[in-house]
Amino acid sequence: YAGSEELLTAVRPLNASIADLHMSEQVQRLFVFNWRITYRSDDKREELYTVALDEDGRRLRLAGEAGATVAGADAVDLEALFADVTSSQIMSPQTVPAPEGEHSADGANGANGDNGAEEAELTPARRLPPMTQLARLAEMARKIAIYHADIRCVAYEAEVLPRLYRTLNRLTTYYGQQIEEVYDAHDPTGEKRRALELDLERKIAEEVENHRLRVEVLLFSYAVFNLPVAVAEMTFSDGGHAAPLRVLRNRYSGVLERPRCHACGAEASALAVDRNGHLTCDDCIQQCATCQEIVCAACGVAPCPVCGKENCDSCGVMCWACGERACPEHISTCPICGDSVCHACQTECAACGTRQCRSHLHTDAVRTAEGEYQLICSACAVRCPACQQYSAAIETCAASGQRFCANCMVTCAHCGKRVGPGFYQRSPQTEQAYCEDCLQVCPACGALTADVTTCERCGAVTCAACGVLCAVCGRHACEGYSQRFAECGHAVCTEHAAICSGGGEEICPLCNEPCPICGQPVCGEHVEICRRCGQLYCPDCVDKHELCATCAGMIDEGDPVNLAMEPCAADPAAVELAPLYSWLRAKNERYVIYYGRSRKMTSAVVVVERTDGGRKVVWTQRFSLMDTIRDMLAGGKGLRTL
């Protein structure tokens, strides 16, 4: 017949040849069921819904419907189909071949009046399919129609509920007012209120029932179309694998239906046969790197997590740890759990080289020479009794014979033996370790010690716990010639222990600075504050007028200076005071004190501390007229010093 060449050229084998070719013309039936769906609530709505099925019960999307593609295997244009059938029926039987026709449940075929009998004689009617098949297909179509109605009900209920709420709100408002207007005197038993409440409940139930959405799905007609189809059945074979396929041409619409790819489901004109007998398009062809066989994308190949080579499911082995498909040479059985695990999930023991799952290995607590931590197996890992960590670097203590990790072992600084915790001591001075055989007995306390010291005052031999290292001179001293201060923790020898000039008690020379004037040590409890310069001095250097010796002799012994030319002029506070006063300067061991006077009988003071790092301003103060007069009178000079 015409068009057979199109079926032969519709598909092209990529890696196979065509065998078992059979050409035939068949009839493909299309079943169309028309449903009337009625939605009743406080209003009524109706719609007609059409469902199209093929002989196997697969739904065919109507042209223009959501999810439909171009008119073909999964879509049908019913409007054009009905138009073509109708036009073919009204044409002359002498000029048009007998139509394949439409057979409907309401007897549409032959419904052309008197011509019906003549057409029946020219074209014998095709028999309808068995009733069991029609009933089965109708039930499938009914499920599709009910699903469509369920989706529509969601939108309809959203429209009904606001109307129901308005009606119920009106009823409850009205009856609520009626109940409130019933006075207790007029209804002592409460019968009127109960009657109104019962009436309200009845009306609410009626309105809810009236607004309830009821759906009725009714089949009112169906149609069976017999479509002529040209079929080419063939087999693609590559010598080892074969795959049957069919090419269909709808002779009614002219649509050509090609085989679909097993992987992507798209029609393809160029197809290949994979190892599993699946038809696959050119875009979905994959090749196994081990067996070199072709597989479709659905069967697929997976890269090896070790080498990246892609393998099919027959050549690759699934790893139980990561779930990836590995090459046979890159997967092995774990000797601990017995699972097949790829080498990317396994690691060799750094000590014995046994390959096993990484989860069974321990981290060696001892670093390598490169500073890295290695993984070791349970057979090589030994838990150190000192640090409780696993390690393969285990050594034997020369003193006790116990086994410790290398982190816990030390080397004796005297004899070079390797000993473990509890069998050595460290020198407090040098932090070196000494084994028990190299420890000495302290003559003072009798304890074993890493090293002994000799007191430089009396020559007594003591350990570090019995003697002290003077914080001032750095020499060793025994307990008899040393002093340790509990407040600050400093220890000094008796030669450098300081005596407070105010109270006579021993004080730390490092924590208590000497008096800036006389240099005698003084503690914080006995210092006196000069009311002019604001600094601390010993009681002997502060007079009864609360002035230090430096400030008290400022008027008589001070040197006139220009403060703006002094080193302290760089300080902002001193720069501000410099042009306002006439300045006198006096010094002691620590401070340089500048005392300024003005014509308005006011005064000021600037105190500069001399340190190893230089000089800095530590105190500035302005005095009023009354403060200056009081200061002069207290000093016994009277006003004549002005």
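I started with Arg 163, which forms a salt bridge with Asp 42, closest N and O atoms 2.7 Å apart; I count a salt bridge when a side-chain nitrogen of Lys or Arg is within 4 Å of a carboxyl oxygen of Asp or Glu. This pair ties together distant parts of the chain, 121 residues apart: Arg 163 sits in helix H4 (131–180), Asp 42 in the loop between strand E2 (17–40) and strand E3 (44–54). Helices (H or I, at least four residues) and strands (E, at least two) are DSSP runs, numbered from the N terminus.

Note on the source: this is a predicted model, where local features need pLDDT of at least 70, side-chain atom pairs count only at pLDDT 80 or more, and totals for chains, interfaces and linings use all residues. Residues are numbered from 1 along each chain as its sequence is written, and side-chain values use heavy atoms, with hydrogens and water left out.

Buried or exposed? I looked up Arg 163 and got partly exposed, at 23% relative accessibility. Asp 42 is partly exposed too, at 36%. My cut-offs: buried is under 20% relative accessible area, exposed over 50%, partly exposed in between (1.4 Å probe, protein chains only).

The pair belongs to a network of salt bridges linking Asp 42, Asp 43, Arg 45, Glu 159 and Arg 163.

Next I checked Glu 206 and Arg 202, a salt bridge at 3.1 Å, N to O. Both lie in helix H5 (191–210), four residues apart, about one turn of the helix.

Last, I looked at Glu 566, which meets Arg 585 in a salt bridge at 3.2 Å, N to O. Glu 566 is buried, at 15%.

For the tally, I noted 25 salt bridges in the structure.
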